[in-house]
Amino acid sequence: MESAPRAAAYYTRRKLDLAITPGPVLAIDHVPESAATGAKEGLNIVFDGGTLTDDQIKSIRLSAALPSPSEPEIITYQFMTDADLLYLVSDYQRVRVRAAAQQREHGGIPYLFAGSPATRSAA
């Protein structure tokens, strides 16, 4: 079985040709199965990816993310603040971004259920 940090490093390398060592967990979101969207139950784990060096930034290759030449999986990237990112993601991802940003500031690992902070009633 592969660990979550190893999987994160693998997919970053596979999709962007970028070698990183994931840092601490910033948020865990338990996503239930959804018949409406077809989504399977799972865990989304947000890791701190650290600060990239100039050499790492130069090494990013989007062609590594091509499942086929006619269907690129990733077509562009840009660097932005957490606040800027909030405008580009869907509602459920917005909760993850906020939870991860708060964790960096205040500590602790937020456990989310379906994109919302988990309470005793949701567990």
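**Entry 1**

I keep in mind throughout that the model is a predicted one. I then looked up how Arg14 stands to Arg61, and found that the two are 47 residues apart in sequence while their C-alpha atoms are 9.7 Å apart in space.

**Entry 1: the chain as a whole**

I next went through the secondary structure and found 4 helices and 4 strands in the chain. Read from the N terminus on, the elements follow the order α-β-β-α-α-α-β-β. Of the 123 residues of the chain, 22% count as buried, where buried means under 20% relative accessible area.

**Entry 2: salt bridges**

I looked up the salt bridges, taking a side-chain nitrogen of Lys or Arg within 4 Å of a carboxyl oxygen of Asp or Glu as the rule, and the count comes to 4.

The side chains of Arg61 and Asp17 meet in a salt bridge, at 2.6 Å from N to O. Arg61 lies in the loop between α2 (54-59) and α3, and Asp17 in the loop between α1 and β1 (25-31), so this pair ties together parts that are 44 residues apart in sequence. I also checked how open the two partners are: Arg61 counts as partly exposed at 41% relative accessibility, and Asp17 counts as partly exposed at 33%.

Asp82 forms a salt bridge with Arg104, with the closest N and O atoms 2.3 Å apart. Because Asp82 lies in helix α3 and Arg104 in helix α4, the pair ties together parts that are 22 residues apart in sequence. Asp82 counts as partly exposed at 29% relative accessibility, and Arg104 counts as partly exposed at 47%.

Arg94 forms a salt bridge with Asp91, and here the closest N and O atoms are 2.4 Å apart. Arg94 and Asp91 are 3 residues apart in helix α4, which means that about one helical turn separates them. At 57% relative accessibility Asp91 counts as exposed, since the cut-off for that class is over 50%.

**Entry 3: the largest pocket**

I then turned to the largest pocket, in which about 1,800 Å³ of space lies. Its lining is made up of 38 residues, and those that lie nearest the centre of the pocket are Leu16, Val46, Phe47, Gly49 and Leu85.

**Entry 4: a nonpolar patch on the surface**

Last, I looked for nonpolar side chains on the surface, and found that Leu43, Ile45 and Tyr111 form a patch there with about 280 Å² of accessible area together. Tyr111 lies in strand β3, which covers residues 111-113. Tyr111 is partly exposed, with a relative accessible area of 40%, so it passes the patch cut-off of over 30%.

How values were computed:
Residues are numbered from 1 along each chain as its sequence is written. This is a predicted model: local features need pLDDT of at least 70, side-chain atom pairs count only at pLDDT 80 or more; totals for chains, interfaces and linings use all residues. Side-chain values use heavy atoms; hydrogens and water are left out. Patches are made of residues with over 30% relative accessible area and no salt bridge: like charges are joined within 9 Å, nonpolar side chains (Val, Leu, Ile, Met, Phe, Trp, Tyr) within 5 Å. Accessible areas come from the Shrake-Rupley method with a 1.4 Å probe; for residues, only the protein chains shown count as cover. Helices (H or I, at least four residues) and strands (E, at least two) are DSSP runs, numbered from the N terminus. Buried means under 20% relative accessible area, exposed over 50%, partly exposed in between (1.4 Å probe, protein chains only). On a 1 Å grid over the protein atoms alone, a cavity is a set of points where a 1.4 Å probe fits but cannot get out, and a pocket is an open set with protein on both sides within 12 Å along at least five of seven lines; lining residues have an atom within 4 Å of a point. Grid points are joined across faces, edges and corners, and a volume is the space filled by probe spheres set on the points.
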